[in-house]
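Subject: Structure handover

Hello,

Here is the structure you asked about. Please open it alongside this note. My findings follow below.

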Amino acid sequence: MRAAVRERLPVWVQSRCGLEPRTLAALAVVLVVGAVFAAQHFWAGRPQSVQPPQVVGAGHAAERPEPSPGPPPTMAPEGRIVVDVSGKVRQPGIHRLPAGSRVADALRAAGGIKADADTAGLNRARLLMDGEQVVVGVPAPVGGAGGGGAAAAGGTAGPIGLNAATAEQLETLPGVGPVLAQHIIDYRTEHGGFRSVDELSEVKGIGDRRFADLQPLVRP
């Protein structure tokens, strides 16, 4: 190989350099190796295009496992009241209504009023209270038997329930007119009802003498 390299070198190089054939052969080998390393370095350092990251398509997103849903948020139970609707309605009985319902809502829950019912004294706009009885078209039971507090469309008998009576029923009491009847209704609304008959004396417009007249005629 050294002889071959020597033969390839020009004669003037051999003569002027004054190098031995072995030295020239070694130099040629070094030059060849350096050229190979330079070529590799140039090839490795060349600029290369960078591929952008692949975007996950909709198909891949669909394959991802869905996160397990957590428990639904706890909702506060809505306030409810229970009323007893009787008399001349299509579906008499116990009905559960949202708090704040009125007599008209109870009548709708009971299927509506029958055609022959007398509703002259029925206040459909009155707010209902829990445990109340709404009697339509017939007199309320004597002495309040059969239910607590009735809103009747045919008159009432016995003590009047302060927690359920309509303004018209309260006006049947001695000395109670529209204004005082409204004061009684306002008091029970603000205080959540009457817990005892004695609270009637705290209503605006009812003095000791009037309270003494009303006490035997009413009940909570």
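How many salt bridges does the count come to? The count comes to four. Bear in mind that this is a predicted model.

**Salt bridges**

Start with Asp 105 and Arg 108. They form a salt bridge, with their closest N and O atoms 2.2 Å apart. Both residues sit in helix 5. Arg 108 is exposed, at 59% relative accessible area. Asp 105 has 24% relative accessibility. That value lies between the 20% and 50% cut-offs, so Asp 105 counts as partly exposed.

Next, Arg 126 and Glu 132. Here the closest N and O atoms of the salt bridge are 2.5 Å apart. The side chains of Glu 132 and Arg 126 are also joined by a polar contact of 2.5 Å. Are these two residues buried or exposed? Both Arg 126 and Glu 132 are buried. For Glu 132 the relative accessible area is 2%. Buried means under 20%, so Glu 132 qualifies. Look for Glu 132 in the loop between helix 5 (103-109) and strand 3 (133-136).

Then Glu 199 and Arg 195. Their salt bridge has its closest N and O atoms 3.3 Å apart. Glu 199 is buried, with a relative accessible area of 8%. Arg 195 counts as exposed, at 64% relative accessibility.

As background, side chains of opposite charge can pair when their charged atoms come close.

**Overall layout**

The protein chain has eight helices and six strands. Along the sequence they follow the pattern α-α-α-α-β-β-α-β-β-β-α-α-α-β. The chain has 220 residues, and 29% of them count as buried. Its accessible surface comes to about 14,500 Å². Carbon and sulfur atoms account for 58% of that surface. Now take the contacts between residues at least 6 apart in sequence: 39% of them join residues at least 24 apart.

**Nonpolar cores**

The largest nonpolar core has 20 residues. Leu 170, Ile 184, Leu 200 and Ile 206 have the most contacts inside this core. Which elements give two or more residues to this core? They are helix 6 (167-170), helix 7 (178-191) and helix 8 (208-214). Helix 7 provides the largest share, five residues.

Leaving out residues up to four places away in sequence, Leu 170 touches Ile 160, Leu 162, Ala 165, Val 176, Ala 181, Ile 184 and Ile 185. Another core lies apart from the largest one. This other core has 15 residues, among them Leu 97, Val 103, Ala 106 and Val 136.

In soluble globular proteins, nonpolar side chains tend to be buried together.

**Gly 161**

Gly 161 lies in strand 5 (residues 160-161). Gly 161 has 7% relative accessibility and counts as buried. Which residues is Gly 161 in contact with, leaving aside neighbours within four places in sequence? They are Arg 219 and Pro 220. Gly 161 and Arg 219 are 58 residues apart in sequence. In space, their C-alpha atoms are 4.9 Å apart.

Best wishes

Terms used:
Residues numbered from 1 in each chain as written. Predicted model: local features only at pLDDT ≥ 70, side-chain atom pairs only at ≥ 80, totals over all residues. Heavy atoms only, no water. Helix = DSSP H or I, 4+ residues; strand = E, 2+ residues; numbered from the N terminus. Buried < 20%, exposed > 50% of the residue type's maximum accessible area, 1.4 Å probe, protein only. Polar contact = N/O pair within 3.5 Å; in protein donor to acceptor, adjacent residues only side chain to side chain. Core = buried A, V, L, I, M, F, W, Y, C linked by side-chain atoms within 4.5 Å. Contact = heavy atoms within 4.5 Å. Salt bridge = Lys/Arg side-chain N within 4 Å of Asp/Glu carboxyl O. Areas by Shrake-Rupley, 256 points an atom, 1.4 Å probe, with all protein chains shown as cover.
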